[in-house]
Amino acid sequence: MKRLLISCLAIGLFACDDGSTGGPLDIAVIGNTASSSGPFGPQARYLRAAGAEGLVALDPEGQVIPAIAQRWIVTDDAMSYIFRMRDSTWPDDEPIGAEDVRDALEARIRALRGTALGLDLAKITEVRAMTGQIVEIRLSSPMPEFLRLLAQPELGLMKSGSGAGPMVVSFDEDAPLSRLSVLPPTARGLPEPPEGREPSTRPLTLTTMSAPRAVRAFDEGSVDLVLGGTIANFPLAQPGPLSRGTIQVDPALGLFGLVFTNDVGLLSDPARREALSMAIDRAALIEPFGLGGWQPTTWVVPQSLFSPLQYPATRWSEFDLEQRRAEAAGRIGAWEEQVGERAQVSIALPAGPGGDILFREIEGAWSRIGVETRRVPFGEQADLFLLDVTARYSSPRWFLNRFNCTLDQGLCSPEADALVAESLVQRVADDKQSLLADAHFELIANEVFIPLGSPVRWSLVRGAVTGYEPNPWALHPLFPMAGPTI
């Protein structure tokens with residue numbers, strides 16, 4: 001049956017009768033269509049999760065569920081995870097064995113070295129194929145969030161360039177369009193359903209669109225779901241579509257703020273970099289967006305992720321906003337008087353009405369302390385740029401890894417990196433928390449980042465769409481949206 005489905009893809013997915021009911025669910029992913037054709041671009045994480053699952057996966061609510069591994073155990077010391085594979089096959093009908101899984105996972109780990117996700121995987125010390133269906137992953141120290149990390153789409157497993165589902169994916173050569181269909185239960189290692197109880201599913205299409213085009217397509221009814229919205233384009237979603245669908249905002253965890261790219265001139269002193277952070281009224285920053293429940297922050301790592309708590313809820317809690325701005329203006333004025341120059345910075349923000357609002361609010365805040373702000377296109381060289389990323393798991397280490405010096409994205413702290421590295425082998429939870437808290441304070445002392453608050457991720461969801469739920473990771477698996485009942 002699997003061979004039939006894959007061969008059907010060669011002549012067009014919907015030319016085959018795969019038992020699905022109804023027309024396709026049409027999905028738009030917001031992105032840059034100029035560089036998003038084929039398996040690359042903003043669709044990539046969604047497609048890999050659908051066509052090449054890993055040992056575990058995420059459900060619509062962002063919880064870990066079985067995938068290629070049907071079950072697992074964790075050893076008493078929490079440093080070894082032992083997975084039993086389900087009885088399933090690769091697209092060439094060869095059984096998925098422990099050695100295949102080990103080789104595929106090791107290949108993914110090697111491919112991710114030098115990336116932020118590669119740093120997240122640093123606790124993995126060994127992947128072992130124990131028997132035909134058993135794989136063990138050993139860690140350097142306990143990691144409570146390890147399964148969630150393992151469920152990331154980038155860790156989807158492949159053999160000879162193909163994954164094992166749960167969906168089949170094909171690409172249109174001349175357009176950034178992907179077509180997806182659910183594999184039958186037997187091809188996913190599940191029992192043959194009783195006669196007359198075959199699962200009811202529907203195919204999906206996934207297209208990359210600019211934000212204005214995606215919102216317009218949703219409003220006109222040509223797509224049922226829009227994914228990947230950010231604060232830069234959030235104002236586009238507010239008028240119009242509300243009568244025909246719903247704006248869903250994820251309770252996202254992650255980093256949203258400004259990264260310093262240099263420590264030259266005005267920015268050469270951490271105290272003056274801090275002045276820029278002190279001057280921003282974070283509540284006023286988000287007010288024009290009308291986003292209820294948004295969480296502002298003045299720390300790199302959310303306070304709640306440390307147990308016990310390591311620092312107050314807010315920096316500069318002893319000062320009100322006007323006092324903070326007065327202090328910041330004094331630092332900037334002293335530098336101008338010393339060097340005889342006008343205080344100026346450039347900032348790279350994404351295009352879109354939300355980016356325009358952010359610039360207006362930040363420019364206004366910095367003008368109050370005597371700093372002139374110039375905006376440059378996102379991706380071009382600037383003194384600061386917007387970092388807007390969602391977390392993969394809820395640990396201080398995820399946040400700290402985003403500023404590792406090896407990533408070469410902006411200012412960093414070798415001292416913080418060394419403390420994070422030391423934490424990788426620390427088996428006592430309180431001692432590990434202490435090391436990570438010290439690393440956080442090193443980043444704060446070096447003022448490498450201006451935290452603003454939680455990332456904004458939104459979707460447009462028509463009422464008939466099933467299998468979609470807002471979640472903290474802002475990643476919405478496609479498989480449940482196809483409606484498989486088995």
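Student: Which residue is the bridge partner of phenylalanine 256 in β16?
Tutor: Aspartate 388. This is a predicted model: local features need pLDDT of at least 70, side-chain atom pairs count only at pLDDT 80 or more, and totals for chains, interfaces and linings use all residues. Residues are numbered from 1 along each chain as its sequence is written, and side-chain values use heavy atoms, with hydrogens and water left out.

Student: Parallel or antiparallel, β13 and β16?
Tutor: Antiparallel, over 7 bridges; β13 covers residues 254-260 and β16 covers 384-390. Two strands pair if DSSP finds at least two bridges between them. Strands are DSSP runs of E, at least two residues; helices are runs of H or I, at least four; both are numbered from the N terminus.

Student: What's the strand order in the sheet?
Tutor: β15-β14-β16-β13-β17, an open sheet of 5 strands with mixed pairing. β15 (372-377) and β17 (449-453) each have a single partner strand, so one side of each is left without a neighbour in the sheet. Neighbouring strands are turned by 30 degrees on average, direction ignored.

Student: Which strands does helix α8 touch?
Tutor: β13, β14 (344-349) and β17. The direction of α8 (residues 270-278) makes about 15 degrees with that of β17. Contact means heavy atoms within 4.5 Å. Axes are lines fitted to C-alpha atoms, for helices over the stretch in contact, and angles run from 0 to 180 degrees between N-to-C directions.

Student: And where does α11 lie?
Tutor: Across β13, β14, β15, β16 and β17, at about 160 degrees to β15. Helix α11 spans residues 353-367.

Student: Which lining residues are closest to its centre?
Tutor: Gly228, Thr230, Asp388, Val389 and Arg457, of 45. The largest share of that lining, 6 residues, comes from β16.

Student: How many cavities of 30 Å³ or more?
Tutor: The search finds 3. The largest cavity holds about 40 Å³. Among the residues lining the largest cavity are Arg45, Gln152 and Trp473.

Methods
On a 1 Å grid over the protein atoms alone, a cavity is a set of points where a 1.4 Å probe fits but cannot get out, and a pocket is an open set with protein on both sides within 12 Å along at least five of seven lines; lining residues have an atom within 4 Å of a point. Grid points are joined across faces, edges and corners, and a volume is the space filled by probe spheres set on the points.
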